[in-house]
Amino acid sequence: MAFNSNFSRAGTQAGIGSLDAGLRAYMCRVFNWMAIGLVITGLVAYGVAETELRALFFHVAELPSGALVLRPTFLGGVSIFAPLAFVMILSFGVNRLSRSAVQAIFLLFSATMGASMASLLLSYTGVSVARTFFISAATFAGMSLWGYTTGANLLRLGSFLFMGLIGIMIAMVVNIFVQSSPLTTLVSLIGVALFTMLAAYDTQRIKITYQQYATYAGPDDVARLSIYDALTMYLNFVNLFQFLIQFTGVRSGNND
């Protein structure tokens, strides 16, 4: 009996160790794809903002103060809405598309996001964009690490966070018409708090989902799921950055 008990315990420990190693590898894969997406977005944004490509995406006018007024061209409008189409395709087709197709769509999504985010490089000084990026990265990394290691059940916050997302989207649509500066500030403040918390929430959700999914999923299934999870974390980071720059960014034409 003692031998059987020890053998069973050893087998259980080996299984746990294998799962832990698989989880670490999976989380690395998710964040590596997220990082690749961010690099592509940054390179495309810089290429559009700093080269002749800018004229294809934006009509740029400079005010006497030195500030830039941007109006998207037709192609610029497409670049603004195209990422949403890619997100929908990945969300609903992640289990139907091939592994290579999912990866290609994610890379195309990252590139179109770069084209749409070039407006930030034109609207804000390079120093303030870099500063906001590092603040966002530090905040995101800290919250993600907490979400991975904490014993608290963050999944209970799912309904609250989802309602927050719906509320902030409605407020942003309303603000398109009312153009209220106080509402803009409030939306940005809530957005920073919301996507900071989502960094922790989604990290824990990904961890728990993998632990449940890994026992029966095949390599291609895991690879496709890692892209979808990378997309989720990418969106959390980009939205955190975009809301945070409303507070830390310095408009072009102003002094730092």
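Both Phe195 and Phe243 are buried (buried means under 20% relative accessible area, exposed over 50%, and partly exposed in between, with a 1.4 Å probe and protein chains only). The model is a predicted one, where local features need pLDDT of at least 70, side-chain atom pairs count only at pLDDT 80 or more, and totals for chains, interfaces and linings use all residues. Residues are numbered from 1 along each chain as its sequence is written, and side-chain values use heavy atoms, with hydrogens and water left out.

Now for the rings. The structure holds nine aromatic pairs (rings of Phe, Tyr and Trp, the last by its six-membered ring, pair if their centres lie within 6.5 Å; planes under 30 degrees apart are stacked, over 60 edge-to-face, and the rest tilted). One of them joins Phe133 to Phe237 edge-to-face, at 5.5 Å centre to centre and 70° between the planes. This pair links distant parts of the chain, 104 residues apart, with Phe133 in helix α5 (residues 126-149) and Phe237 in helix α8 (residues 219-248); helices are DSSP runs of H or I, at least four residues long, numbered from the N terminus. Phe133 has 34% relative accessibility, so it counts as partly exposed, while Phe237, at 4%, counts as buried.

Phe195 and Phe243 make a stacked pair, with 5.9 Å centre to centre and 20° between the planes. Phe195 lies in helix α7 (residues 181-213) and Phe243 in helix α8, so the pair ties together parts 48 residues apart in sequence. Elsewhere, Trp33, Phe106, Phe109 and Tyr234 form one aromatic cluster.

How values were computed. Helix = DSSP H or I, 4+ residues; strand = E, 2+ residues; numbered from the N terminus.
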